[in-house]
Amino acid sequence: MGVGVPQNWAESQFHCCLAQAPFLHLQSELVTESSLWNCQKDERCVVLRFLKFPPSRKKTSEEIFQHLQNIVDFGKNVMKEFLGENYVHCGEVVQLPLDFVKQLCVKIQSERPESRCDKDLDTLSGYALCLPNLARLQTYHFAEHRPILCVEIKPKCGFIPFSSDVTHELKHKVCRYCMHQHLKVATGKWKQISRYCPLDLYSGNKQRMYFALKSLLQEAQNNLKIFKNGELIYGCKDARSPATDWSELAHHLKPFFFPSNGLASGPHCTRAVIRELVRVLTRVLLSGSDKGRAGALKLGPGAQGPCVCEASAFSRSLHRQGSSSLERSGLPKGCLLYRALQVQMLDLLDIEGLYPLYRRVEQYLEQFPEQRKTLQVDGPYDEAFYQKLLDLSTEDDGTVAFALRKVQQYRVAMTAKDCSIMIALSPCLQDASSDQRPVVLSSRSRFAFSVSVLDLDLKPYESIPHQYKLDGKIVNYYSRAVHAKDADMVSTRLKESKDCTLVLHKV
Ligand SMILES: O=P(O)(O)O[C@@H]1[C@@H](OP(=O)(O)O)[C@H](OP(=O)(O)O)[C@H](O)[C@H](OP(=O)(O)O)[C@H]1OP(=O)(O)O
Ligand SMILES: Nc1ncnc2c1ncn2[C@@H]1O[C@H](COP(=O)(O)OP(=O)(O)OP(=O)(O)O)[C@@H](O)[C@H]1O
């Protein structure tokens, strides 16, 4: 059969995503559904996402269809509104011939990372989500034949909680990502602590953003991947992945950034290429005028928290140099990072303030399980659902309605904290300015680009107790292992300095 086997693909708890080169080009003889047929006809390249479940949790076809439809509706009615039309691509639910799905599943099985194989792909319903291939320029509606570079960034949570419900003082000083790094290394998820801090990336300050992006390039973990013509050329799957090699990356990138000159190879060339990449990414991340309704989120002035994470390597080094001037967010309002941050901040109470409200909803649902549907706990994610999210009042009137509103806002915030950004860059000629597509300049070339958001599935209601436990684990581990070590170092230094003190006695 004429189905390209994907070379790279990844999946989360619920989904399997088939992506990257060679992309899954759907052949006409295999696909009869009209939407896919159209994709094939106008040469658009598509990506299919399938649901996946633990073997014990089978779902009916109807449930699977509904789950996928909910994902589409949530994208359309909520995330498009908040993040902006151009950044969000919701796709559509399609029904595929079962034979096709089964053969596909067999073909990709060997490519699945072992750690993800505890869940089975849904091959029985025939339903899947059909999405545009976001590793390509979204400003073109037909296949692009020019070389294309795509950088995928999972920036994670860009603010420090400001909620008065936070009980651990450390949470007001160090961001969750930086704390979580220590637990991840201790549990073997990754080999070493990253110097990346999301607060640097979201700062809008170019210097801090460069530092953040360079740190991602040094220690990509699951926060950075780079694709060239759809093929993964940089980024790792797990802690066993080989160490990152900048000279190899530079070799791939050189034709994009230094197309016509024979810049010598070696460390100088590598540095120059990486610098160009980081600059272009920063420019793209700061660009954008897409209208979204994130402005409709009237977060009060208190809803900001500190602008610097005490654990950030950047702020630590500035601190050591005696400089304390770190600016608050200078992100332009139209850019995707700004909008994503606003949505993340729907988490106004922090999990510590939210958990008792979740318990209130739970108790109510235990008593009145039939209300689950009326309350739209699991959808539909329609306009009414969206409207409720806009009420940011934090005054608890003791009602289930209040508790549920906060729970739903929290779920949306968590989704924005875990989504990824795809930046597609394609070199364009000097005279290509006549078309209206956005262009970004590097010192030796210019690129048409597009920015999209990926993985916008609403986090499940059921994940809240897990979030609560994990939060406690992260903070406790950090305060025991790291903060205690820091305190130790300070006291050792104090002791040493005491040992060296020359005590002068009066004679
Ligand atoms: O809790 P976190 O911050 O570790 O985020 C999880 C991610 O881990 P990360 O920290 O990015 O390495 C985690 O990423 P990986 O699967 O480990 O690459 C998932 O994205 C997970 O989402 P879900 O539960 O599969 O829907 C994410 O879980 P959620 O908390 O977003 O539900
Ligand atoms: N529409 C798309 N176009 C191009 N690549 C995609 C698309 N959707 C997903 N991918 C690629 O597949 C990977 C996994 O996709 P996605 O995050 O949506 O699935 P997931 O199953 O939730 O996985 P994860 O838990 O790793 O985030 C992404 O990191 C990205 O590299």
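Because the model is predicted, local features need pLDDT of at least 70 and side-chain atom pairs count only at pLDDT 80 or more, while totals for chains, interfaces and linings use all residues. Residues are numbered from 1 along each chain as its sequence is written, chains are lettered from A and ligands numbered from 1 in the order in which they are written, and side-chain values use heavy atoms, with hydrogens and water left out.

The protein chain is assigned domain 1 (46-132) and domain 2 (150-258 + 269-316 + 329-482), the bounds coming from an automatic or database domain assignment. Taken over C-alpha atoms, the centres of domain 1 and domain 2 are 22 Å apart. The contact (heavy atoms within 4.5 Å) draws 18 residues from domain 1 and 36 residues from domain 2. Between them the two domains bury about 2,100 Å², of which 63% is on carbon and sulfur atoms; buried area here is the accessible area (1.4 Å probe) that two parts lose on being put together, summed over both. On the side of domain 1, Phe 74, Phe 82 and Tyr 87 lose the most area to domain 2, and together they make up 39% of what that side buries.

Two salt bridges are found between domain 1 and domain 2, the rule being a side-chain nitrogen of Lys or Arg within 4 Å of a carboxyl oxygen of Asp or Glu. Arg 49 forms a salt bridge with Asp 455, with 3.6 Å between the closest N and O atoms. Helix H2 (residues 61-83) supplies ten residues, the largest share of the side of domain 1 that touches domain 2. Helices (H or I, at least four residues) and strands (E, at least two) are DSSP runs, numbered from the N terminus.

Over the whole structure, 16 salt bridges are found. Asp 418 and Lys 154 meet in one of them, at 3.3 Å from N to O. Asp 418 lies in helix H14 (residues 400-418) and Lys 154 in the loop between strand E7 (149-153) and helix H4 (176-186), so the pair ties together parts that are 264 residues apart in sequence. Asp 418 is buried at 16% relative accessible area, and Lys 154 is buried at 17%. A network of salt bridges links Lys 154, Lys 156, Asp 418 and Lys 459.

Lys 171 and Asp 471 form another salt bridge, their closest N and O atoms being 2.8 Å apart. This pair links distant parts of the chain, 300 residues apart, with Lys 171 in the loop between E7 and H4 and Asp 471 in helix H15 (residues 464-499). Lys 171 is buried at 3% relative accessible area, and Asp 471 is buried at 10%.

Technical notes: Buried means under 20% relative accessible area, exposed over 50%, partly exposed in between (1.4 Å probe, protein chains only).
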